Amino acid sequence: MLDSIHAEPGRTLKVAARADVVVVGGGPAGFSAAVAAARQGAKVCLVERYPYLGGLASGGMVLVLDDMCAGSEITVRGICSELVDRMKARGLAIYPPEAERGHDPAMFRKWSRFGLFDFNTRTKPHPICYAVAFDPDGWKRASDDMVAEAGINLRLHSLFAGTIVKDGCAVGVITESKSGREAIMGDIIIDSTGDLDVAASAGARFSEGAYMVTTVFRLGGVDTDEAERFQFEEPEAHAKLDLEARRVIGGSWDYWWLKTPLPGIVWCNCPHMTGLDGMKVEDLTRAEFDGRKRIHAMVDHVRAKLPGFANCYVVDVAPQTGVRQTRMLEGEYVVTKTDITDRVHFPDSIARGRDYYTPYRSLLPVGIDQLLVAGRHYSATPQAQKISREIPPCMAMGEAAGIAAAMALSAGTTVRNIDVASLQNRLRAAGADPGDVPTKHIQVEEKVA
């Protein structure tokens, strides 16, 4: 009979790197945090478990950036905008020009199958808005360039294994890789793991939630002109066949396929699988097997029945499972669903989403110094997180965390005690919108406590 526990003997670890700021997780938030801190003069080490940057944007193939405008006002700028510009320059990102946004059936037909519409409005067709469709390799290439230009010590293929805490301060992390078990020491640590791995290991309080998971995939060989013609010119027949396809995949958004910047290549943000825990190896393994079965069943179905898809084939399945919610920080302020839906404004706002604000306090764990959290695992209730976890606002959080870390270093203080007004000013100087000035066309309420 196997023992249920194994006692690991004590060991000493090689210090593989030292930095002013150590960022764990190279997804959208962590990449933004690392670049922002380095541009402020900090020495930065960025640790990522996969062989690429981008997290769920590139590896998870969530290939639309949305939740980044309030009406005609673009609310997420800064590093996010720069990355978009770099991808667009390579022909690997696309968005509607300003003149083509708004309520216009012709523009809806032109742009909706890229997913570039405001799905939060009740009016139909939904208005076209500022959102971005991009290619996953385009993200990797652009972020690689930005990290290299910033002089960041990037360590890919490195799994996070634990947080080093001394006298109530996070002072480093432990990684596992082909190089073995090593320590990386830093004055400030930023947790951008998506699952709160670093903060939880340090002893921070957190809540747990669960949402559907997805094995995203791409199809090639799609005649998108014919598929769109069928949708708009034979709406009743399309609705029937489209519903059949969604039933075969076993769960999806209404727009289960969307165009990409690559002709004939579409991405499919499905199947949606519920009842699985993104923190359990067994459930993640099950998601991979079940997801691939559903994907190939759907492909066989649409080849036979759906106009435009007769010659389609699977290009790839995302190397990262699309996990939306696991652990969430319980920080100095916990953002609620009401805060999001009522558009509550915070004096210490440092990031914006569609039409909501993120307070700096929601990046701060209680009782642990020199540790910041940025990304979908920020301090929020599960209900609030579900409507505030999109990639652009997470990038805005990361940019704020990176600048905050650099400010704390230069001032010789803790991240908890920086001057938030100065942080807001630095974010604006860097081209970001921290949300310190509420949007005028919506009703807002100040919330301090």
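The accessible surface of the chain comes to about 18,700 Å², and 50% of this belongs to carbon and sulfur atoms. Areas were computed by the Shrake-Rupley method with a 1.4 Å probe; for residues, only the protein chains shown count as cover. The model is predicted: local features need pLDDT of at least 70, side-chain atom pairs count only at pLDDT 80 or more, and totals for chains, interfaces and linings use all residues. Residues are numbered from 1 along each chain as its sequence is written, and side-chain values use heavy atoms, with hydrogens and water left out.

Of the 449 residues of the chain, 57% count as buried. Buried means under 20% relative accessible area, exposed means over 50%, and partly exposed lies in between (1.4 Å probe, protein chains only). The C-alpha atoms fill a box of roughly 65 × 65 × 40 Å, taken along the principal axes.

The secondary structure comprises twelve helices and 23 strands. These are DSSP runs numbered from the N terminus (helices: H or I, at least four residues; strands: E, at least two). The radius of gyration is 22 Å, close to the 22 Å that the globule rule gives for 449 residues, so the chain is as compact as a globular protein of that length. The radius is taken over C-alpha atoms, and the rule is 2.2 Å times the number of residues to the power 0.38.

Strand pairing requires at least two DSSP bridges between the strands. Strand β1 (residues 14-24) runs parallel to strand β11 (residues 180-191), and nine bridges join them. A19 has G186 of β11 as its bridge partner. β1 also pairs in the parallel sense with strand β2 (residues 44-47), over four bridges. Here V24 stands opposite V47. An open sheet of three strands shows antiparallel pairing, in the order β3-β7-β6. Its edge strands, β3 (64-65) and β6 (93-94), each pair on one side only. Two bridges link β6 to strand β7 (residues 132-134), with A93 opposite F134.

The largest nonpolar core has 90 residues. Such a core is a set of buried Ala, Val, Leu, Ile, Met, Phe, Trp, Tyr and Cys residues joined through side-chain atoms within 4.5 Å. Helix α11 (residues 391-411) gives the most to this core, with 13 residues. Residues with the most contacts inside the core include V44, L65 and W139. Leaving aside residues up to four places away in sequence, V44 touches A19, V21, V23, A34, A37, A38, I152 and N153. A second, separate core of 21 residues includes A245, V266, C270 and L306.

The structure holds ten aromatic pairs. Rings of Phe, Tyr and Trp (its six-membered ring) pair if their centres lie within 6.5 Å; planes under 30 degrees apart are stacked, over 60 edge-to-face, and the rest tilted. F108 and F232 are edge-to-face, at 6.4 Å centre to centre and 85° between the planes. This pair links helix α3 (residues 105-111) to helix α6 (residues 224-233), across 124 residues. F108 is buried at 11% relative accessible area, whereas F232 is partly exposed at 26%. The Y333 and F346 rings have centres 5.3 Å apart and planes at 65°, so this pair is also edge-to-face. Y333 is buried at 8% relative accessible area, and F346 is buried at 0%. F108, F117, F232 and Y255 form one aromatic cluster.

Conventions. Contact means heavy atoms within 4.5 Å.
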